[in-house]
Amino acid sequence: MPRPFAFTRRHALRALSAWLAPVALHATAASGDASEGPAECVIPAKAGGGFALTCALARDALQAVRPARTPLAQRYLPGGIGAVAFDRIASGQLGGPGTLVAFSSGSLLNLAQGRFGPHPPSAVRWIATLGTDYGVVAVHRDSPYRRLQDLIAALRQDTSRIVFGAGGTVGSQDWVKAALLVRAAGGAPKAMRFVSFEGGGDALGALQGKHVDAFPGDAAEALQAIAGGAAVRLLAVLSETRLGGALTGVPTAREQGVDMVWPTVRGVYLSANVPDAAVRAWTTAFAEATAAPGYAALRERHSLYPFALTGAALDDYVQARIKAYQALADELGLRRWKP
């Protein structure tokens with residue numbers, strides 16, 4: 001029943017949060033501008049994934065427009081692909097004007113299903129999006145699957161034949177991407193084999209070790225792994241049209257007969273309990289950073305594409321995406337818990 005299960009999820013999150021020792025950072029600059037003082041960006045997963053990329057871009061973008069500020073510190077806080085960090089921010093165990101947390105479209109998908117505990121989206125302040133990534137379908141470089149249609153054909157023959165591995169559990173954005181691929185092959189998502197990892201970095205490591213067959217992750221983290229020497233082949237990018245840069249030559253899923261598009265927006269949020277002045281300061285700082293002449297090149301170095309929002313426009317976007325993700329969750333038969 002929903003209520004007892006929600007109670008259980010709440011206490012599970014509390015227990016995991018208590019186990020991870022808090023190290024909140026509350027300092028602000030003498031001027032009172034939170035965006036100018038010492039601050040940190042919390043990476044709510046293990047190393048090597050999209051959240052780490054987001055915090056690195058946030059640090060570099062701020063430094064480019066405010067070179068005198070202390071560089072944004074990075075801290076890992078894995079647990080539930082963002083669930084522990086969101087719960088600790090929303091419950092007041094972590095936070096303050098100097099604590100930013102990375103989020104993605106996957107975070108909004110989990111919120112849409114009530115997977116971040118008993119907290120509504122308004123439990124945090126959405127500060128900025130820094131760009132958008134796109135989903136990819138990747139396999140090992142030695143895999144027999146050389147095109148997306150090869151993978152679809154294998155799934156059509158036997159859904160359980162392919163072992164997917166990615167960040168998140170059932171209902172996460174990577175699980176949904178795998179589920180949509182299985183559905184495109186005429187199979188039932190509940191019949192697929194999916195191995196859950198705490199972030200894209202671990203999942204790509206498993207792919208390289210041939211412990212899983214396919215990685216339905218994101219382009220930026222896959223490209224980062226490939227740049228580091230990972231033996232990974234990209235079968236498709238889940239964008240509307242072909243992308244440039246390092247993805248030049250990678251066909252879209254649509255080109256290969258699978259009508260599937262999955263953008264992954266990346267950004268940062270703050271605790272809802274911080275003063276409005278801090279929210280305005282950070283919003284202004286990121287608006288300046290993303291509008292700076294050199295930002296496009298910086299964003300491209302982090303393998304992201306244009307998508308910068310702040311303020312009311314970002315709040316509206318979050319609400320719209322959560323509504324769309326709730327409809328998708330219902331369509332895929334995923335259970336939703338109410339905050």
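This is a predicted model: local features need pLDDT of at least 70, side-chain atom pairs count only at pLDDT 80 or more; totals for chains, interfaces and linings use all residues.

**Labels and their definitions**

Tutor: Begin with the largest cavity, whose lining has three nonpolar, eleven polar and five charged residues. Residues are numbered from 1 along each chain as its sequence is written, and side-chain values use heavy atoms, with hydrogens and water left out.

Student: What makes a space a cavity, and how many cavities of 30 Å³ or more are there?

Tutor: On a 1 Å grid over the protein atoms alone, a cavity is a set of points where a 1.4 Å probe fits but cannot get out, and lining residues have an atom within 4 Å of a point. The largest cavity holds about 220 Å³, a volume being the space filled by probe spheres set on the points, which are joined across faces, edges and corners.

Student: Which residues are closest to the centre of the largest cavity?

Tutor: Of its 19 lining residues, those are Phe51, Ile81, Ser104, Gln173 and Asp174. H2, helix H4 (105–112) and H6 each give two or more residues to this lining, and H4 has the largest share, three residues. Helices (H or I, at least four residues) and strands (E, at least two) are DSSP runs, numbered from the N terminus.

Student: How do you know that H4 is mostly covered?

Tutor: Buried means under 20% relative accessible area, exposed over 50%, and partly exposed in between, with a 1.4 Å probe and protein chains only. Eight of the eight residues of H4 are buried; among them are Ser105, Leu108 and Asn110.

Student: What is found at the start of H4, and what follows the helix?

Tutor: At the start, a side-chain oxygen of Ser104 comes to within 3.0 Å of the backbone nitrogen of Gly106. After H4 comes Gly114, with a positive phi near 75°.

Student: Why is the link of Cys41 and Cys55 called a disulfide?

Tutor: The definition asks for a pair of cysteine sulfur atoms within 2.5 Å. The sulfur atoms of Cys41 and Cys55 are 2.1 Å apart, and the pair forms a disulfide. By this rule the count is one. The angle about the S-S bond is -70°, and the link of Cys41 and Cys55 is left-handed.

Student: Which parts does the pair tie together?

Tutor: Cys41 sits in strand S1 (residues 40–43) and Cys55 in helix H2 (residues 50–65), so the link joins parts that are 14 residues apart in sequence.

Student: Are these cysteines buried or exposed?

Tutor: Cys41 has 0% relative accessibility and counts as buried. Cys55 is buried as well, its relative accessible area being 0%.

Student: What makes S8 a partner of S3 and of S4?

Tutor: Two strands pair if DSSP finds at least two bridges between them. Strand S3 (residues 99–104) and S8 run antiparallel and are joined by four bridges, with Ser104 opposite Arg266 in S8. Strand S4 (residues 124–140) pairs with S8 over nine bridges, also in the antiparallel sense. Tyr134 has Pro263 in S8 as its bridge partner, and Ala128 has Val268 in S8.

Student: How many bridges does S4 have with S9, and how many with S7?

Tutor: S4 pairs with strand S9 (residues 309–310) over two bridges, in the antiparallel sense. Ala128 has Thr310 as its partner in S9. With strand S7 (residues 232–238), S4 has six bridges, again antiparallel, and in S7 the partner of Val139 is Arg233.

Student: How do you know that S4 and S8 are mostly covered?

Tutor: In S4, 16 of its 17 residues are buried. In strand S8 (residues 263–271), eight of nine are buried.

Student: What makes a space a pocket, and how much space lies in the second largest pocket?

Tutor: A pocket is an open set of points with protein on both sides within 12 Å along at least five of seven lines. About 230 Å³ of space lies in the second largest pocket. Its lining has 14 residues, including Leu180, Arg183 and Trp262. Helix H6 (173–184) and helix H11 (311–331) each give two or more residues to it, and H11 gives the most, five residues. By class, this lining has ten nonpolar, no polar and four charged residues.

Technical notes: Ala, Val, Leu, Ile, Met, Phe, Trp, Tyr, Cys and Pro count as nonpolar, Asp, Glu, Lys and Arg as charged, and the others, Gly among them, as polar. A polar contact is a pair of N or O atoms within 3.5 Å; within protein, one must be able to donate a hydrogen and the other to accept it, and residues adjacent in sequence count only if both atoms are side-chain atoms.
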